[in-house]
Structures are given as structure tokens and as C-alpha cells.
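Here's a quick look at the aromatic side of this protein. Have the model open while you read.

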Amino acid sequence: MNSPITTAAEATAAARLDRLEQIEAIENLKHRYFRACDAKDPEAFRACFITTGADVDYGALGRFADADQIAEVFRRIALHKVDGKHVILDMHHGMHPEITPTGPGHAAGRWTLRFRQVNLVDRTEKLLTGEYDDEYVIEDGVWKMSKCHFRQLWAMTRPLADDTIVEQ
């Protein structure tokens with residue numbers, strides 16, 4: 001006969017499962033963020049952050065007190081076209097996530113970024129790696145970034161060879 005009283009082991013298992021589901025939801029959020037960056041989708045990019053007051057620090061790109069500001073920078077850079085073609089092509093690979101729930105509806109995270117960018121105006125390729133330090137909150141039932149700080153570890157920029165063909 002089933003007892004309506006949850007055992008301590010069942011409660012512990014339920015708490016562990018909830019924690020794992022939270023971590024997976026946050027990882028999915030960060031993956032949506034990376035895909036939005038590469039797909040040049042400013043609306044999806046912006047939707048990854050809380051509605052107001054996000055703390056965003058992207059180093060050389062600037063520090064922002066709200067995600068609307070970085071979304072506008074993203075829009076300007078990512079959507080810039082010459083002769084109908086994008087001139088900045090990005091590839092973000094986020095890896096090594098460390099997600100730690102810090103309280104109900106709050107979590108912290110750290111990610112390593114491998115980044116590659118082709119700039120067709122300057123005819124350069126940039127390789128970069130760095131670390132994201134994030135904070136996440138649940139807003140309207142969905143995990144969002146409330147803090148996103150990026151620290152570059154190293155970068156290399158080299159010219160594209162004259163015979164390099166970039167297809168879009």
C-alpha cells in the first residue's frame with residue numbers, strides 16, 4: 001500500500017532531479033544565446049536576458065547596465081551588410097559549463113568560449129578564447145541571464161589570404 005507521506009529518500013531524489021532539470025534548462029538557455037549570436041538573431045539574443053537591469057560586461061565591446069544596450073550593439077555589428085551580404089561572420093562554441101543553483105530561482109554559471117570570426121571588410125580572421133561568468137534567475141517562469149561577464153584569455157587575428165573564398 002502506498003503511503004501519502006514522502007520518505008526522506010524520495011524527497012532527496014526529487015530535489016536532485018529538480019536540481020538537474022534546472023541545470024539543463026540553464027544550459028539550454030546559454031545554447032540558445034550562442035545560436036542567436038551565430039544566426040544573427042537580435043530578438044532571440046535579447047530574449048536570453050532579464051527584461052530590465054542585466055549586468056553585461058563584454059570587455060572590449062563594453063559594459064552595459066541593461067541588455068537592450070548590448071542588443072543594439074549586437075544588432076549594429078551582426079546585421080551590418082555590404083552589397084547585401086553580412087560582413088561579420090561569427091562562430092561561438094560554449095563548453096565546460098559549471099552551473100550551480102544558488103537558491104530558489106537563482107544560479108551561477110561559468111563557461112569557456114571558443115570563438116571564431118571572419119571580418120570581410122578588414123579581410124581578417126580572429127580566433128579567441130575566454131571565460132563567461134554568468135548569473136541566472138527565473139523570470140516569468142523561464143531561466144534568463146541577469147549577469148553575463150566575458151573575460152578574454154587570448155586572441156589571434158590574422159589576414160585572410162587573397163585567394164580565400166567565403167561563402168554565405
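Is tyrosine 33 buried or exposed? At 1% relative accessibility, tyrosine 33 counts as buried, where buried means under 20% relative accessible area, exposed over 50% and partly exposed in between (1.4 Å probe, protein chains only). Phenylalanine 49 is also buried, at 1%.

A word on the ground rules: this is a predicted model, with local features needing pLDDT of at least 70, side-chain atom pairs counted only at pLDDT 80 or more, and totals for chains, interfaces and linings using all residues. Residues are numbered from 1 along each chain as its sequence is written, and side-chain values use heavy atoms, leaving out hydrogens and water.

There are 9 aromatic pairs here (rings of Phe, Tyr and Trp, the last by its six-membered ring, with centres within 6.5 Å; planes under 30 degrees apart are stacked, over 60 edge-to-face, the rest tilted). In one of them, the rings of tyrosine 33 and phenylalanine 49 have centres 6.1 Å apart and planes at 80°, so the pair is edge-to-face. Tyrosine 33 lies in helix α1 (residues 8–39) and phenylalanine 49 in the loop between α2 (42–47) and β1 (55–57), so the pair ties together parts 16 residues apart in sequence. Helices (H or I, at least four residues) and strands (E, at least two) are DSSP runs, numbered from the N terminus.

Ring pairs also build a cluster that includes Tyr33, Phe49 and Tyr132.
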